Amino acid sequence: MEQHQPAIVVDHVSKHFSLKHTHSMKEAFIGWTKGKKLRSDFTALNDLSFDVAEGESVALLGYNGSGKSTMLKIMSGVMPPDEGTVMTRGRVAGLIEVGAGFHPDLTGRENVYLNAAILGMKQHEIDAIFEQIVDFAEIREFLDQEVKYYSSGMFMRLAFSVAIHVELDILLVDEILSVGDAPFREKCRLKFQEMIAQNKTMVVVSHDMEMVRELCGRGIVIKRGKKHFDGPIEQAIEYLGSEDYQLAE
Ligand SMILES: Nc1ncnc2c1ncn2[C@@H]1O[C@H](COP(=O)(O)OP(=O)(O)OP(=O)(O)O)[C@@H](O)[C@H]1O
């Protein structure tokens, strides 16, 4: 596929979290008088840099806790980096915490409007895609029921459907397909392929190597927040399973 200017530029990004150490009040006080730290700093992302070209589909791979979701959250703008910058070109939609913007006391219909608006769409634009959203989610008969009565699968379908039907240039996908049933997963798979054919830029976090192989041409392998490999997807998957990765610091 022809590649253009970068859609995403991740430039020397680091992220630190503060880890709490449990203490009793007394220990905490004594520790404090002796100048001991009650918290320590944990580096989740360590000077990470990469570009993603427009129309490219890239997988972020790595063991649990290696920093993949943190990287996606920073790219989506829900979390700031501590150091470095992320530049994105165009409208970014994240399938990260699907349904996070859904309000339990509102109906399915109201939530579709609310969330599409949060994702930057105008009322008439939402009207135009409303039917497609509902059809894709297959929850039409429950549309006017409050979403707190939805099953977790129904809830996820609707939230997911809103996110993929809004106008977007960059789609960030975090391990969400595991929630849906097999027919819904298949439908999503086809939708992702359609988006790739439409030259959308995608960054996918998944432990499902079959899906990653199918959707992505390139893989970035990280461990403890550091990039260890960046290249063709087959080689990235191979590296992830290698002793080199296991031993990598
Ligand atoms: N808000 C937070 N506060 C403290 N630590 C956090 C926070 N978010 C993430 N972390 C830590 O940062 C590290 C990276 O987490 P992250 O969720 O990015 O990993 P991941 O590669 O997506 O893992 P997984 O494959 O398990 O989904 C983990 O050690 C996690 O505990």
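Author: With 15 C-beta neighbours inside 10 Å, Asn199 counts as partly exposed. The model is predicted.

Reader: Where is Asn199 found, and what is its phi?

Author: Asn199 is not a glycine, yet its phi is positive. Asn199 sits in the loop between helix H6 (182–197) and strand E7 (201–205). Its phi is about 70 degrees.

Reader: Why does Arg224 count as partly exposed rather than buried?

Author: Arg224 lies in the loop between strand E8 (218–223) and strand E9 (226–232). A buried residue needs 20 or more other C-beta atoms within 10 Å, and an exposed one has 12 or fewer. Arg224 has 17 such atoms, so the class is partly exposed.

Reader: What is the phi of Arg224?

Author: Arg224 is not a glycine either.

Reader: How far apart do the C-alpha centres of domain 1 and domain 2 lie?

Author: The domain assignment gives domain 1 as 1–11 + 49–90 + 169–249. Domain 2 covers 105–164. The two C-alpha centres are separated by 26 Å.

Reader: How many residues does each domain bring to the contact, and how does the side of domain 1 divide?

Author: Domain 1 gives six residues and domain 2 gives five. On the side of domain 1 that touches domain 2, the residues are three nonpolar, one polar and two charged.

Reader: What share of the contacts in the protein chain join residues at least 24 apart?

Author: The chain has nine helices and nine strands. Take the contacts between residues at least 6 apart in sequence. Of these, the share joining residues at least 24 apart is 72%.

Terms used: Residues are numbered from 1 along each chain as its sequence is written. This is a predicted model: local features need pLDDT of at least 70, side-chain atom pairs count only at pLDDT 80 or more; totals for chains, interfaces and linings use all residues. Domain bounds come from an automatic or database domain assignment. Two residues are in contact if their C-beta atoms, placed from the backbone, lie within 7 Å. Ala, Val, Leu, Ile, Met, Phe, Trp, Tyr, Cys and Pro count as nonpolar, Asp, Glu, Lys and Arg as charged, and the others, Gly among them, as polar. Helices (H or I, at least four residues) and strands (E, at least two) are DSSP runs, numbered from the N terminus.
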